[in-house]
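Here is a short tour of a structure for you to follow along with. Keep the sequence and the 3D view side by side as you read.

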Amino acid sequence: MATGTQGWHADPALLSSYLAGGLDAVTGASVEQHVSRCETCRAAVGRLIEPVLLERTWAGIRAAVERPVLPYPLRLARRWGLPEPTVVLLASAASLRSAWLVGAFLSLSFATLAAYASGGTALAPFLLAAPLVPVLGVAAAYGPRQDPLEALIATAPYGRTRLILLRTIAVLVSVLPGTALLGLALPGPLWLAAAWLGPALALVPVLLALAGFVGPRTAATIVSLAWSGVVLASARGLAPTWPVEAAQQAVYLVLAVAACAVIAARTGSDRRLGVAL
Amino acid sequence: MSVSTHTVELTGVGKRYGRARALTDVDLAFGRGVTGLLGPNGAGKTTLLRIVATSIAADSGEVRLLGRDPHSSFADVTAVRRELGYLPQELGYPSDMTAFGFVEYVAVLKEWNDREARSQEVRRVLELVGLADQAPVRISRLSGGQRRRVGLAQALLGDPRLVVLDEPTTGLDPAQRADLRRTLSALGHRSAVLLSTHQTEDVAALCERVVVLAGGTVRFDGAVTDLVATAQGRVWLADETGDDALVSCRTGSGRHHVVGGTPPTGEDIAEPSLEDAYLLMLGPEARRVHAPG
């Protein structure tokens, strides 16, 4: 097939203008055809290209291949200006993956639907799920038992406490707005839509404080059981809104303050070496 | 004078876990070069390495790392950690991360914030441990030895001045061990490397200096050749097993390699190995560690 150009080679001037994009469409296309079949001319093209440019292109390709693909929520956050190193740190947190977030919103949606269908008499499913989603999200960010890189993270200059707080904030930012929107769909007074925020924001520091003693998994179990107990107990005879009424909210606030105090005290005493959270 | 020449200086360091004493009154100072830490299980090797790696604090005594006291302030311990490479004994690997992703994650924790520089550094350390081709492979698909080398790669990020490696050679085959030795001895020209191992041959091949730890105390601290010399005249090739020998085993030639005790019948003095000297140094404890048969 390639008989026409066998033995013929493009001269350096022609190749240079091909590389510079200075040939007309037809000549350019035929040089391209020729180069793709002729080893000698391919080598000549290789010598004409600036090594720096080639190196940079190759590095870009390598980086794209080697670099792990980021979960969708993080790519979105990156586009909105989240610094790149932060994105790398968050990419390892399981509860910031799309699958986890979709699961969380599905269960919350069902809870909302149940409350809606009952006309406001059965708020328990929503009040149970809404504060636990951020709690479980923060706990799951650690990994199965604790972070498998525990020993490394504790001795890295970035710092373990900072990493845990970063993940916690990321989990809250990714689940709270959606939960608030679902809350608006609840039947009943408007304040109900935001009322779950009290226990949610109190249970997260309680989880972090407990996790410092017993590990995130046990801490998540304790917090989940305690909150389920409160909601289920109130479902027997008390008003459906009882778990989030003003007096109870005050208790949550006290709990949150106490948990933050525990974390702060441990940070103070252990700050130099080892671990606070 | 000597204060500034040592990268690590421990004076009278002690550590206990509850009622159990892990380390008692340990004095240790070292600078550039590779220092090997030998000792039976439970000797306190990992505890000592964790103290040097700022992972835990000593209960008593004085610790100075890179001329700073890591207990004194947050700024000091962070400054030490910026120049530290640490391979813990047990390192969990998030199984869905790739080799590149894992080392990159640690690089961010070590404040490599510029993306380009970080990628280059990650590639450099993966190449050093011979895993350049495995960079995009998930860690769950790597072999045990390869995983260990991924762990080692992160400890080499940024050419740290202090490198602490807890049993870096476990799970490596002989060829990989030889590669690792080459990497580490090159590293020892620039940095202070402290590594623990069960393999006396690693120490013999790699370390200028050896520290024998047993029962939480330092039993020997000096040049490898000096440790070998302590066994001179206490190792024999004999026709019979020594009755009160510390360790005795039949060699390929049919004679017995006898370490310690009274000279057995028909004995020829044999050149002691580092292993013989190490076992003699441990004394009766060696029987437990190295029970023959």
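B:Q146 sits in helix α6 of chain B, which spans residues 144-155; helices (H or I, at least four residues) and strands (E, at least two) are DSSP runs, numbered from the N terminus. The model is predicted: local features need pLDDT of at least 70, side-chain atom pairs count only at pLDDT 80 or more, and totals for chains, interfaces and linings use all residues, while side-chain values use heavy atoms, leaving out hydrogens and water. Residues are numbered from 1 along each chain as its sequence is written, with chains lettered from A and ligands numbered from 1 in the order in which they are written.

**Around B:Q146**
- Is B:Q146 buried or exposed? B:Q146 is buried, because its relative accessible area is 16%, and buried means under 20% relative accessible area, exposed over 50% and partly exposed in between (1.4 Å probe, protein chains only).
- Leaving out residues up to four places away in sequence, B:Q146 touches B:L131 and B:Q134; contact means heavy atoms within 4.5 Å.

**A covered helix in chain B**
- Helix α4 of chain B (residues 99-109) is mostly covered, with eleven of its eleven residues buried.
- The cover over the buried residues of α4(B) includes α4 (51-66), α6 (84-90), α9 (150-154) and α10 (160-184) of chain A, together with α5 (115-128) and α6 of chain B.
- After α4(B) comes B:E111, which has a positive phi, near 70 degrees.

**Nonpolar cores**
- A nonpolar core is a set of buried Ala, Val, Leu, Ile, Met, Phe, Trp, Tyr and Cys residues joined through side-chain atoms within 4.5 Å.
- Which members of the largest nonpolar core touch the most other members? Of its 119 residues, they are A:F126, B:F102, B:V103 and B:L165.
- B:V103 is in contact with B:V122, B:V125, B:L126, B:V150, B:A153, B:Q154 and B:L157, leaving aside neighbours within four places in sequence.
- There is also a second, separate core of 28 residues, which includes B:A53, B:L66, B:L194 and B:V211.

- Strand β7 of chain B (residues 192-197) is mostly covered: six of its six residues are buried.
- In a regular strand the side chains alternate between the two faces of the sheet.
- On one side of β7(B), B:A192, B:L194 and B:S196 are buried, and so are B:V193, B:L195 and B:T197 on the other.
- Strand β3 of chain B (residues 33-38) pairs with β7(B) in the parallel sense over six bridges; two strands pair if DSSP finds at least two bridges between them.
- B:L37 has B:S196 in β7(B) as its bridge partner.
- Strand β6 of chain B (residues 162-166) also pairs with β7(B) in the parallel sense, over five bridges, and B:V163 stands opposite B:V193.
- From β6(B) the chain crosses through helix α7 (residues 174-188) to β7(B) in a right-handed β-α-β crossover; right-handed means that, with the strands pointing away from the viewer, the path from the first strand over the helix to the second runs clockwise.

**An open sheet in chain B**
- Four strands of chain B form an open, antiparallel sheet in the order β11-β12-β10-β13.
- β11 (247-250) and β13 (268-269) of chain B stand at the edges with a single partner strand each, so one side of each has no neighbour in the sheet.
- Two bridges join β10(B) (residues 235-238) to β13(B), and B:L237 stands opposite B:D268.
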